[in-house]
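Colleague: I am new to this one. Can we go through the terms and the values behind them?

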Protein chains: 2
Amino acid sequence: MTHPRSGFDPSASSLAGGVAPEVMAELLSVRSSIDNIDATLVYLLAERFKATQRVGHLKAEHDLPAGDPQREAAQIARLRMLAEEAQLDPAFAEKFLNFIISEVIRHHQAISENRRPEATGGPRA
Amino acid sequence: MTHPRSGFDPSASSLAGGVAPEVMAELLSVRSSIDNIDATLVYLLAERFKATQRVGHLKAEHDLPAGDPQREAAQIARLRMLAEEAQLDPAFAEKFLNFIISEVIRHHQAISENRRPEATGGPRA
């Protein structure tokens, strides 16, 4: 069934043809949990970027560098420990945080560049 | 203050020297929210991998391919829509899902390889 609002079809699959109905039913049941988790992840990531956006503005206002190596090292060590508690691969947790941090640093640099007078008003001849 | 259990120092920073105390206090306050969000993300990702692990075993048992292009296309379209609602960059949401999916496919392939008789018992001469 396609959702009327979003056009999302939770049963979309390239497998449909050759799969027994009871296997497909179990697959769709687990996938529906994955879809709920993914929506939560998106809203949580949005909230995280709102927080790092505040950090970015704070850093730009006070001319602080976009990156903070000691903070990042402490975050990575903590996330690896939390990952072990959660039975998530710590190497994956570290890769994940690096993925997020590189996006955050990109945002901070954009905020900082937008604050420079010569950067406002778009490109010049 | 360093946490006794984890050794995590939420105020670790390379900036400390040249920053006004009130700016540092605001920075640490936002960072403490980021740390809470990150712990939630780790536990949520762990739960997501538990679900995809179940999908992986189901696929391996029934000889289904690790990837499912139509499912992935539907997931990406939905996450982009959710990202817009959450005011998160939809391109980032798509990059994020691809990052997760490539890890999941790696897991599924590992599950499927471990089930082949010649793969059990480690490498042979």
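Colleague: Where is A:I111?

Modeller: A:I111 sits in helix α3 of chain A. Helices are DSSP runs of H or I with at least four residues, numbered from the N terminus. The model is predicted, so local features need pLDDT of at least 70 and side-chain atom pairs count only at pLDDT 80 or more, while totals for chains, interfaces and linings use all residues. Residues are numbered from 1 along each chain as its sequence is written, chains are lettered from A in the order in which they are written, and side-chain values use heavy atoms, without hydrogens and water.

Colleague: Why is A:I111 called buried?

Modeller: Buried means under 20% relative accessible area, exposed means over 50%, and partly exposed lies in between, with a 1.4 Å probe and protein chains only. A:I111 has 9% relative accessibility, so A:I111 counts as buried.

Colleague: What does A:I111 contact, beyond its neighbours within four places in sequence?

Modeller: A:Q53, A:G56, A:H57 and A:A60. Contact means heavy atoms within 4.5 Å. A:E61 is 50 residues from A:I111 in sequence, and their C-alpha atoms are 9.8 Å apart.

Colleague: Which other residues of α3(A) are buried?

Modeller: Among them are A:F92, A:F96, A:F99 and A:H108. The buried residues of α3(A) pack against α1 and α2 of chain A, together with α1 and α3 of chain B.

Colleague: Why is A:N98 called partly exposed?

Modeller: The relative accessible area of A:N98 is 37%, so A:N98 is partly exposed. A:N98 is also in helix α3 of chain A. Its C-alpha is 8.3 Å from that of A:I76, 22 residues away along the chain.

Colleague: How do α2(A) and α3(A) pack?

Modeller: At an angle of about 145 degrees, with axes 8 Å apart. Axes are lines fitted to C-alpha atoms, for helices over the stretch in contact; angles run from 0 to 180 degrees between N-to-C directions.

Colleague: Is that crossing left-handed or right-handed?

Modeller: The crossing of α2(A) and α3(A) is right-handed. A crossing is right-handed if the near helix is turned clockwise from the far one by less than a right angle, and left-handed if anticlockwise.

Colleague: Which residues meet there?

Modeller: From α2(A), they include A:I76 and A:L79; from α3(A), they include A:L97 and A:N98. By class, the contact has nine nonpolar, two polar and four charged residues. Ala, Val, Leu, Ile, Met, Phe, Trp, Tyr, Cys and Pro count as nonpolar, Asp, Glu, Lys and Arg as charged, and the others, Gly among them, as polar.

Colleague: Why is B:D35 called buried?

Modeller: B:D35 has a relative accessible area of 5%, so B:D35 is buried. B:D35 is found in helix α1 of chain B.

Colleague: What makes a polar contact there?

Modeller: The side chains of B:D35 and A:R71, at 3.1 Å. A polar contact is a pair of N or O atoms within 3.5 Å; within protein, one must be able to donate a hydrogen and the other to accept it, and residues adjacent in sequence count only if both atoms are side-chain atoms. B:D35 also touches A:Q75, A:R78, B:F8 and B:P10.

Key. Helices (H or I, at least four residues) and strands (E, at least two) are DSSP runs, numbered from the N terminus.
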